[in-house]
Amino acid sequence: MNACLLQEEIIKNPQHIVTILERLGHENIRDRGSYFQARNINGDNDTGCAIKKDSLIWSNFSHGKNGSIFTMIQDESGCSFPDALHKAAKWIGYKDTGVVVQKPFGGFWSNLLGSEDESIIDLPTYEEECLPSSDNVAYNFVRDGISAVTQSEYGVRYDHETNGIIIPWRNTEGKLIGAKWRNNDRNCDFDQRWNMYKKFQMSQAVYGWFAHYRQITAKRACVLFESEKSVLQGDSFDWHLGLAVGGHNISRAQVQYIKNLYPNKVIVGFDAGLNEEEIRYNASKLLPTNDIIKYKVGYIYDKEGRYLKNKMSPTDGGRKLFEAVVKECVVYL
């Protein structure tokens, strides 16, 4: 079940929001034009719950909660994110076709999206058993600031047979779509550093999207990195708003995935060493293209090299350095 495609279906048919609210047990549902308002399930506030029609952003004013219609289902049903997707789909009678589908947000981004082969598609999935045992922590990643706990949560593991670190990638439902392989030999040549353990179309996925959906939709902000390591380092110092595209080129499908999170702020945090023009060009792909949905887009560029040396990622120096970079080195478009 692709969360972005399900989201588009609900946005195109706002009555689905009413159906979902009713199935959860909400009463006193009112159409306020741009959003629906409803009584909290426990009845403590007649207008406490609100969901925007054009974004499915959810707010519970009396309980101080924010997120999306899917995280609302999670909270109120006590279920996982994948289960929330399936509940919503079942309640509105939606079936995921698993093929190329409509562009998000009713076509608001149509002038940003090119050929159909760059639209979101559902990638084939793998069984978890195709990966080597997850019992082995990648010690080199621990040295790089990625904790054993984070590695366990993301399924990162060391493979004795290939002397490589396996990094699983997942779709919006958390299912395995592929895995990258990183050479465990820190002295290997650059062209031998990365490979695919289980092949997948990386331009059709965003690393960390599933893991951080809840936090990003609540905070309405994210930072987009090159590599998975940055996302994992952020998690290890208790910061959970990171995403990665697997390189320094943001594909059009990845743009769609990021915009489907409806952030108020997006920052591109590519590794040091790239020229500013290239970083700015990629950041510009994320700019809003209409007056209905607005948000800030920026990029990290340490022009004087005060914090980021050589090919450092903004997260390589730990939380304190990362916070300084975000505070002092972001250029907004």
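Glutamine 233 touches Asp144, Gly145, Ile146, Thr315 and Asp316, leaving aside residues up to four places away in sequence; contact means heavy atoms within 4.5 Å. The model is predicted, so to speak of local features pLDDT must be at least 70, side-chain atom pairs count only at pLDDT 80 or more, and totals for chains, interfaces and linings use all residues. Residues are numbered from 1 along each chain as its sequence is written, and side-chain values use heavy atoms, without hydrogens and water.

Glutamine 233 sits in helix α8 (residues 228–236). Helices (H or I, at least four residues) and strands (E, at least two) are DSSP runs, numbered from the N terminus. At 2% relative accessibility, glutamine 233 is buried. Buried means under 20% relative accessible area, exposed over 50%, partly exposed in between (1.4 Å probe, protein chains only). Its side chain makes a polar contact with the side chain of threonine 315, at 2.5 Å. A polar contact is a pair of N or O atoms within 3.5 Å; within protein, one must be able to donate a hydrogen and the other to accept it, and residues adjacent in sequence count only if both atoms are side-chain atoms.

Helix α2 (residues 15–24) has buried residues too: His16, Ile17, Val18, Ile20, Leu21 and Leu24. Their cover includes α1 (3–12), β2 (35–38), β3 (49–52), α3 (69–77) and α4 (81–92). Glycine 25 follows α2, with a positive phi near 105°.

Next, the salt bridges. The count is twelve, with a side-chain nitrogen of Lys or Arg within 4 Å of a carboxyl oxygen of Asp or Glu as the rule.

| Pair | N to O distance |
|---|---|
| Arginine 39 – glutamate 27 | 3.1 Å |
| Arginine 214 – aspartate 75 | 2.0 Å |
| Glutamate 323 – arginine 319 | 2.8 Å |

Arginine 214 lies in helix α7 (residues 209–219) and aspartate 75 in helix α3, so this pair ties together parts 139 residues apart in sequence. Glutamate 323 and arginine 319 share helix α11 (residues 319–328), four residues apart, about one turn of the helix. Glu27, Arg39 and Asp46 are linked in a salt-bridge network.

Why are there zero disulfides at cysteine 49? A disulfide is a pair of cysteine sulfur atoms within 2.5 Å. The closest cysteine sulfur to that of cysteine 49 is in cysteine 79, 15 Å away, too far for a bond. Cysteine 49 is buried, at 1% relative accessible area.
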